[in-house]
Amino acid sequence: MSAMSDDRLIVALDVPDFSAGCDLATEIGDVVSFYKVGLGTLSGDGLTLATKLKKDFEKRVFLDLKLFDISATIENAVRQLSNLEFDFLTVHGDPHVVEAAVRGASGSKLKILAVTILTSLDRDDLDASLMRPGSVHDIVLERTARALQAGADGIISSPQEAAKIRQLPLAQDCLIVTPGVRPEGQGANDQKRVATPKEALLAGADHIVIGRPILSSVHPAIAAQEILASLP
């Protein structure tokens with residue numbers, strides 16, 4: 001697989017608005033074929049940006065909204081989003097949310113990815129949120145199994161949990177997408193469970209999500225090329 005078409009790298013296009021996103025995608029060019037658009041960009045015409053990336057730039061698009069609501073609302077929202085022909089969409093991994101999202105995406109190519117425990121959280125954070133006792137690792141595995149039973153196409157996982165998730169019977173063919181990935185020598189920033197791109201893929205991830213190390217570079221295209229060159 002050439003670096004020019006390696007969609008294992010998903011660039012998190014965490015930008016303030018539509019214009020900034022288009023400028024970066026233009027600058028990066030053909031080096032990157034897959035982008036993530038999240039909540040931080042939504043108020044800056046994020047859906048318009050995601051549609052532009054898909055239709056005009058001809059990129060794959062991961063819409064990272066981490067949806068959570070009652071079943072009827074989730075199903076309706078996902079049905080509307082599926083009409084825009086995005087590739088991935090995140091929802092919280094609670095079974096009722098996943099089931100509703102899967103119904104909403106029915107008949108489309110949209111893949112529903114379940115969020116178990118955010119990679120920015122550790123056990124202290126879970127305690128503050130009144131989450132039940134147990135290691136983050138064990139809770140991630142349990143929530144993964146329940147989300148996959150509910151029909152999720154894949155899981156958002158930290159690199160540290162990817163290998164164990166891949167060993168679950170239901171996870172043999174599911175998508176594993178890992179944020180919390182940092183190139184060698186880069187700081188963790190607000191992530192608490194991190195790994196290098198190579199480590200994440202060797203652990204069983206299908207896609208790695210990287211934002212700041214590319215977006216904050218003086219030459220984003222070169223930064224992306226260097227990451228792609230490091231992939232196994």
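Is Asp45 buried, exposed or partly exposed? Asp45 counts as partly exposed, at 46% relative accessibility. Buried means under 20% relative accessible area, exposed over 50%, and partly exposed in between (1.4 Å probe, protein chains only).

This is a predicted model, in which local features need pLDDT of at least 70, side-chain atom pairs count only at pLDDT 80 or more, and totals for chains, interfaces and linings use all residues. Residues are numbered from 1 along each chain as its sequence is written, and side-chain values use heavy atoms, with hydrogens and water left out.

**Figure 1. The whole protein.** The protein holds eleven helices and eight strands. Helices (H or I, at least four residues) and strands (E, at least two) are DSSP runs, numbered from the N terminus. The C-alpha trace spans about 45 × 40 × 35 Å along its principal axes. The radius of gyration is 17 Å, which agrees with the value near 17 Å for a compact globule of 232 residues. That radius is taken over C-alpha atoms, and the globule rule is 2.2 Å times the number of residues to the power 0.38. Of the 232 residues, 51% count as buried. Among contacts between residues at least 6 apart in sequence, 64% join residues at least 24 apart. Contact means heavy atoms within 4.5 Å.

**Figure 2. Asp45, in a loop.** Asp45 sits between helix 2 (39-42) and helix 3 (46-55). Its phi is near 65°, a positive value in a residue other than glycine.

**Figure 3. Lys66, in a strand.** Strand 3 (residues 60-67) contains Lys66. Lys66 is not a glycine, yet it has a positive phi of about 50°. Lys66 is partly exposed, with 28% relative accessibility.

**Figure 4. Glu161, in a helix.** Helix 8 (residues 159-167) is the place of Glu161. Glu161 counts as buried because its relative accessibility is 4%. Asp138 lies 23 residues away from Glu161 along the chain, and their C-alpha atoms are separated by 9.2 Å.

**Figure 5. Cys22 and Cys174.** Cys22 is buried, at a relative accessible area of 10%. Cys174 also counts as buried, at 6% relative accessibility. A search of the whole structure finds zero disulfides. A disulfide is a pair of cysteine sulfur atoms within 2.5 Å.
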